Amino acid sequence: MQSYSVAERINRDVNARVMYKSDLEQFDTPEFWTMAGKFGDCEDYALAKRNALLNAGWPKDKLGLCVCYTQLGEGHCVLWVETDKGSFILDNNYAFPVKPSELPYKWESMLCDGVWQQLHGFA
């Protein structure tokens, strides 16, 4: 049930339907986590993808919200997903799922199945 092709389609569909807009622009606050509708920022994209995968039957313990830092040192949030082809990151900055080790991010932490865990990179 954890098909790479389903994760790829959901990543592509959410990225295509959501227009990036910061929380400050949308909600007049620097940080507000909510599922993306027409607009959203990085964590809103990740939450929308997580919801779509859960609705497709994905197990909660095979999805994780990851907090990381970009090459410019900016905070970023992406969705980690375990598929039939391995672990991938669904990111609003990339059209396709990407192996975590191939991304230029500094990994901080991940919320998976209700538990926060520190990340020191992905193998």
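This is a predicted model: local features need pLDDT of at least 70, side-chain atom pairs count only at pLDDT 80 or more; totals for chains, interfaces and linings use all residues.
Q: OK, strand 3 then: which residues does it cover, and how many of them are buried?
A: Strand 3 spans residues 63-69, and five of its seven residues are buried, so the strand is largely enclosed by the rest of the structure. Buried here means under 20% relative accessible area, exposed means over 50%, and partly exposed is in between, using a 1.4 Å probe and protein chains only. Helices (H or I, at least four residues) and strands (E, at least two) are DSSP runs, numbered from the N terminus.

Q: How many bridges join strand 3 to strand 4?
A: Seven bridges join strand 3 to strand 4 (residues 75-83), and the two run antiparallel; two strands count as paired if DSSP finds at least two bridges between them. Leu 65 has Leu 79 as its bridge partner in strand 4. The two strands form a hairpin with five residues between them, and Gly 73 in that turn has a positive phi of about 85°.

Q: And what about strand 3 and strand 6, how many bridges there?
A: Strand 3 is joined to strand 6 by six bridges, again in an antiparallel arrangement. Gly 64 stands opposite Cys 112 of strand 6, and Cys 66 has Met 110 as its bridge partner there.

Q: What does Met 110 stand opposite in strand 7?
A: Met 110 stands opposite Gln 117 in strand 7, and Ser 109 stands opposite Gln 118. Strand 6 (residues 106-112) and strand 7 (residues 115-118) run antiparallel and are joined by four bridges.

Q: What sits in the turn of that hairpin?
A: Two residues lie between strand 6 and strand 7, and Asp 113 in the turn has a positive phi of about 55°. Asp 113 counts as partly exposed because its relative accessibility is 47%.

Q: Changing topic: is Lys 49 buried or exposed?
A: Lys 49, which lies in helix 3 (residues 42-55), is buried yet has no salt bridge, and the nearest side chain of opposite charge, Asp 91, is 6.1 Å away. A salt bridge is a side-chain nitrogen of Lys or Arg within 4 Å of a carboxyl oxygen of Asp or Glu; for charge, Lys and Arg count as positive and Asp and Glu as negative, whereas His and the chain ends are not counted.

Q: So what does Lys 49 touch?
A: Leaving out residues up to four places away in sequence, Lys 49 touches Ile 10, Asn 11, Val 14, Asn 15, Leu 79, Leu 90, Asp 91 and Asn 92, where contact means heavy atoms within 4.5 Å.

Q: How many salt bridges does a search of the whole structure find?
A: The search finds one. Arg 9 forms a salt bridge with Asp 13, the closest N and O atoms being 3.8 Å apart. Both residues lie in helix 1 (residues 4-17), four residues apart, about one turn of the helix. Arg 9 is partly exposed at 37% relative accessibility, and Asp 13 is partly exposed at 36%.

Q: Last one: how much space lies in the largest pocket, and which residues are closest to its centre?
A: About 300 Å³ of space lies in the largest pocket. Of the 18 residues that line this pocket, the closest to its centre are Tyr 20, Cys 42, Glu 43, Gly 75 and His 76. On a 1 Å grid over the protein atoms alone, a pocket is an open set of points where a 1.4 Å probe fits, with protein on both sides within 12 Å along at least five of seven lines, and lining residues have an atom within 4 Å of a point. Grid points are joined across faces, edges and corners, and the volume is the space filled by probe spheres set on the points. Strand 4 gives the largest share of the lining, three residues.

Methods: Residues are numbered from 1 along each chain as its sequence is written. Side-chain values use heavy atoms; hydrogens and water are left out.
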